[in-house]
Amino acid sequence: MIQHLIELRKRLIKSFISVGIVFLLLYPFSSSLFHQFALPLLNQLPHHRELIAITLTGAFFGPIQFCFFCAFFICAPFILYQFWGFIAPGLY
C-alpha cells in the first residue's frame, strides 16, 4: 500500500510543479490575458462603461485566478497523462 501512495505522491508533485511552472511563465502576462478574455464582454457594454470589481480584492485576484486556470488548462494533458500513469498499472 505504501508503494501506491509513494507513486501517487510523485505523480501529484509532478502535476503541481508543471502547473506552477506554467503559471509563473504566464504571470507577467496575466493582465493582458484577462483583458483579451474580457474583450468580447467589454465590446457589448454601453459606450464609456467598464468592468468593475465587486469585492475588495477582485481587481487584483481576478487576473491572477484567470492566469492560474489558464495554466491548469494548458497542463491538463500532462495532468491526465500522470493520472493515467497511476491508474493504468492497476488495470493489468
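**Close-up views of a predicted model**

**View 1. Cys70 in helix α3.** Cys70 is located in helix α3 of this predicted model. With a relative accessible area of 18%, Cys70 is buried, because the cut-off for that class is under 20%. Its C-alpha atom lies 9.4 Å from that of Val19, although 51 residues separate Cys70 and Val19 in sequence. Cys70 and Val19 both belong to the largest nonpolar core.

**View 2. The largest nonpolar core.** Eleven residues form this core: Val19, Val22, Phe23, Leu26, Ile64, Phe66, Cys67, Cys70, Ala71, Cys75 and Ile79. Helices α1 (2-26) and α3 (58-91) each contribute at least two of its residues. The largest share, seven residues, is supplied by α3. One of the core members, Cys75, has contacts with Ser18, Val19 and Val22 when residues up to four places away in sequence are not counted.

**View 3. The buried residues of α3.** Which residues of α3 are buried? They are Gly62, Pro63, Ile64, Phe66, Cys67, Cys70, Ala71, Cys75, Ile79, Gln82, Gly85 and Ala88. The helices against which these buried residues pack are α1 and α2 (30-44). An α-helix has 3.6 residues a turn, so residues three or four places apart point the same way.

**View 4. The kink in α3.** Helix α3 has a kink of about 55° at Ala76.

**View 5. Phe73, an exposed residue of α3.** Phe73 is placed in helix α3. Is Phe73 buried or exposed? Phe73 is exposed, because its relative accessible area is 67% and the cut-off for exposure is over 50%. Between the C-alpha atoms of Phe73 and Val19 the separation is 8.9 Å, while along the chain these residues are 54 residues apart.

**View 6. The largest pocket.** The volume of the largest pocket is about 250 Å³. Its lining comprises 15 residues, of which Phe34, Leu51, Gly58, Ala59 and Pro63 are the closest to the pocket centre. At least two lining residues come from each of α2 and α3, and α3 gives the most, with six residues. By residue class, the lining holds nine nonpolar and six polar residues, and no charged ones.

**View 7. His48 in the loop between α2 and α3.** His48 is situated in the loop between α2 and α3. Its phi is near 65°, a positive value in a residue other than glycine. Most residues other than glycine have a negative phi. His48 is exposed, because its relative accessible area of 71% lies above the cut-off of over 50%.

**View 8. Glu50 and its contacts.** The loop between α2 and α3 also contains Glu50. Glu50 counts as exposed because its relative accessibility is 65%, where the class requires over 50%. With which residues is Glu50 in contact, leaving aside its neighbours within four places in sequence? Its contacts are Leu42 and Leu45.

Technical notes:
Residues numbered from 1 in each chain as written. Predicted model: local features only at pLDDT ≥ 70, side-chain atom pairs only at ≥ 80, totals over all residues. Heavy atoms only, no water. Core = buried A, V, L, I, M, F, W, Y, C linked by side-chain atoms within 4.5 Å. Buried < 20%, exposed > 50% of the residue type's maximum accessible area, 1.4 Å probe, protein only. Helix = DSSP H or I, 4+ residues; strand = E, 2+ residues; numbered from the N terminus. Contact = heavy atoms within 4.5 Å. Bend = angle between axes of the 7 residues up to and from the residue. 1 Å grid on protein atoms, 1.4 Å probe; cavity = no way out; pocket = protein on both sides within 12 Å on 5 of 7 lines; lining within 4 Å. Points joined across faces, edges and corners; volume = space filled by probe spheres on them. Nonpolar A, V, L, I, M, F, W, Y, C, P; charged D, E, K, R; others polar.
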